[in-house]
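Biologist: I have the sequence and the coordinates open, and I'd like to go through them with you. Shall we start with the overall dimensions and then move to the side chains?

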Amino acid sequence: MSDSKQGQNSSMGIVISLFTGLFIGTIIGMLYAPKSGKETRKEIKDKSEEVMDKSKKSMDTAVTRTRDFIDKGSARVSDLKKKGEGFVEKGREKAKKTAKDVSSRLDKVVKEGKQAAKKAEEEIS
């Protein structure tokens, strides 16, 4: 498992534990409050709905932030890929130009060498 997935699972576990603890603490507090059973049940129901709404909003926020992060990361990777492709193409062009220059210089040196050899042969003869 990658570090980022492990971190997401760990963060998700913390959020779930936090809301579970909050929910259980709220219910225990209401059960020990001096109210009638009907009032206590209504309060538990209301608090449960409130906690669920907050949990849903928090999850929606986390999902939205994660999607934004992924979108920004994807765009950045795409930009880097384009830049990399540009660098590779420039490198290819430079290598071709260098090879052409070296080849023409080599041809010139070989031609001059042949001429020098021919001249030397004529002088010897």
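Biologist: What radius of gyration does the chain have, next to a compact globule of 125 residues?

Modeller: Keep in mind that this is a predicted model. The chain has a radius of gyration of 38 Å, whereas a compact globule of 125 residues would be near 14 Å. Along the principal axes, the C-alpha atoms fill a box of roughly 130 × 20 × 15 Å.

Biologist: And how many helices and strands are in there?

Modeller: The secondary structure comes to two helices and zero strands. Helix 1 covers residues 3–31, and helix 2 covers residues 37–124.

Biologist: What share of the residues counts as buried?

Modeller: Of the 125 residues, 6% count as buried. The accessible surface of the chain comes to about 11100 Å², and carbon and sulfur atoms account for 60% of that surface.

Biologist: Switching to charges: how many positive and negative ones are there, and how far apart are their mean positions?

Modeller: The chain has 29 positive and 20 negative charges, and the mean positions of the two sets are 2 Å apart.

Biologist: How many salt bridges does that give by your rule?

Modeller: The count comes to six salt bridges, and one of them joins the side chains of lysine 45 and glutamate 49, with 3.9 Å from N to O.

Biologist: Why are lysine 45 and glutamate 49 about one helical turn apart?

Modeller: Because lysine 45 and glutamate 49 are four residues apart in helix 2, about one helical turn separates them.

Biologist: Is lysine 97 buried or exposed, and what about aspartate 101?

Modeller: Lysine 97 has a relative accessible area of 56%, so it is exposed, whereas aspartate 101, at 31% relative accessibility, counts as partly exposed.

Biologist: Back to glutamate 49 for a moment: how far is that residue from lysine 82 in sequence and in space?

Modeller: Glutamate 49 and lysine 82 are 33 residues apart in sequence, and their C-alpha atoms are 49 Å apart in space.

Biologist: New topic, then: which residues form the nonpolar patch on the surface?

Modeller: The patch is formed by Met12, Val15, Ile16 and Met59, which together have about 290 Å² of accessible area.

Biologist: Which helix gives the most to that patch?

Modeller: Helix 1 gives the most, with three residues. Valine 15 is found in that helix, and since its relative accessible area is 31%, valine 15 is partly exposed.

Note on methods: Residues are numbered from 1 along each chain as its sequence is written. This is a predicted model: local features need pLDDT of at least 70, side-chain atom pairs count only at pLDDT 80 or more; totals for chains, interfaces and linings use all residues. Side-chain values use heavy atoms; hydrogens and water are left out. The radius of gyration is taken over C-alpha atoms; the globule rule is 2.2 Å times the number of residues to the power 0.38. Buried means under 20% relative accessible area, exposed over 50%, partly exposed in between (1.4 Å probe, protein chains only). Accessible areas come from the Shrake-Rupley method with a 1.4 Å probe; for residues, only the protein chains shown count as cover. Lys and Arg count as positive and Asp and Glu as negative; His and the chain ends are not counted. The place of a charge is taken as NZ of Lys, CZ of Arg, CG of Asp or CD of Glu. A salt bridge is a side-chain nitrogen of Lys or Arg within 4 Å of a carboxyl oxygen of Asp or Glu. Patches are made of residues with over 30% relative accessible area and no salt bridge: like charges are joined within 9 Å, nonpolar side chains (Val, Leu, Ile, Met, Phe, Trp, Tyr) within 5 Å.
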